Amino acid sequence: MKTLLLAAAFSITSTVALAGPQYVDRSGYAVSGYDVVAYFDLPQVAVGEEQAEAVPGHEDITAEYNGATFAFSTVENRDRFLTDPAKFAPQFDGHCAYGVAVGGKVPANPHLWRIVDGKLYLNITKKVVRTWEDDIDGYISTANDEWTALEDDAASEKRVPWLWSSAPVEG
């Protein structure tokens with residue numbers, strides 16, 4: 001089951017926490033080509049409910065930041081991004097916030113997002129989101145502490161046992 005969850009997450013063409021190059025998946029874009037500024041304009045839902053769909057960017061409206069190309073849905077969003085990229089870029093260079101909290105870098109799913117205290121956090125699977133939402137502030141604090149040890153590591157490209165051993169995800 002654990003292997004299947006991580007395998008499914010990798011099949012997705014998928015600041016304090018800015019330390020290394022932005023995670024870029026097979027799409028060739030940061031955050032899989034979704035508009036990071038648009039997240040801040042979407043309605044936030046209560047913990048436990050699914051967030052609104054991420055807004056796809058366009059390949060002809062882009063900006064470079066933190067070693068990656070970010071795509072945007074509008075020129076206005078790109079221009080907002082360029083005024084303060086660190087404000088809009090996802091924490092932990094676009095890696096899963098929960099994964100960082102439990103000790104490693106794994107890709108994140110652009111559809112599993114939450115803005116906390118004006119910062120964008122992404123996670124890897126819906127099951128991980130449910131666990132992360134049990135103690136968002138605690139996981140963010142732990143992830144910030146873990147990040148300094150992980151910042152130079154590359155994102156994992158294979159099964160990462162520690163992701164499941166620290167806090168098993170049920171359901």
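A residue counts as partly exposed when its relative accessible area lies between the buried limit, under 20%, and the exposed limit, over 50%. R78, at 21%, is therefore partly exposed. The model described here is predicted.

**Overall fold**

The chain holds eight helices and four strands. Their order along the sequence is α-α-β-β-α-α-α-β-β-α-α-α. Of the 171 residues, 51% are buried. The accessible surface is about 7,900 Å², and carbon and sulfur atoms account for 51% of that area.

**Salt bridges**

Side chains of opposite charge can pair when their charged atoms come close. The structure has four salt bridges.

| E50 | K126 | 3.3 Å |

The E50 and K126 pair links distant parts of the chain, 76 residues apart. E50 sits in the loop between α2 (36-39) and β1 (58-65), and K126 in helix α6 (residues 126-132). E50 is exposed, with 58% relative accessibility. K126 is partly exposed, at 47%.

R114 belongs to strand β3 and E133 to the loop between α6 and α7 (136-150), so the bridge ties together parts 19 residues apart in sequence.

**Aromatic pairs**

The whole structure contains ten aromatic pairs. One of them joins F72 and F81. Their rings are tilted, 5.0 Å centre to centre, with 45 degrees between the planes. Both residues are buried. Ring pairs also link F72 and F81 with Y65 and F70 in a cluster.

Another tilted pair is F92 and Y121, at 6.0 Å centre to centre and 50 degrees between the planes. This pair links distant parts of the chain, 29 residues apart. F92 lies in the loop between α4 (85-88) and α5 (97-101), Y121 in strand β4. Both F92 and Y121 are buried.

**Charged surface**

D117, D134, D135 and D137 form a negative surface patch. D117 is in the loop between β3 (109-116) and β4 (119-123). Its relative accessible area is 73%, so D117 counts as exposed.

Note on methods: Residues numbered from 1 in each chain as written. Predicted model: local features only at pLDDT ≥ 70, side-chain atom pairs only at ≥ 80, totals over all residues. Heavy atoms only, no water. Patch = residues over 30% accessible without salt bridge, like charges linked within 9 Å, V, L, I, M, F, W, Y side chains within 5 Å. Areas by Shrake-Rupley, 256 points an atom, 1.4 Å probe, with all protein chains shown as cover. Salt bridge = Lys/Arg side-chain N within 4 Å of Asp/Glu carboxyl O. Lys, Arg positive; Asp, Glu negative; His and termini not counted. Charge placed at Lys NZ, Arg CZ, Asp CG, Glu CD. Helix = DSSP H or I, 4+ residues; strand = E, 2+ residues; numbered from the N terminus. Buried < 20%, exposed > 50% of the residue type's maximum accessible area, 1.4 Å probe, protein only. Phe/Tyr/Trp six-rings, centres within 6.5 Å; stacked < 30°, edge-to-face > 60°.
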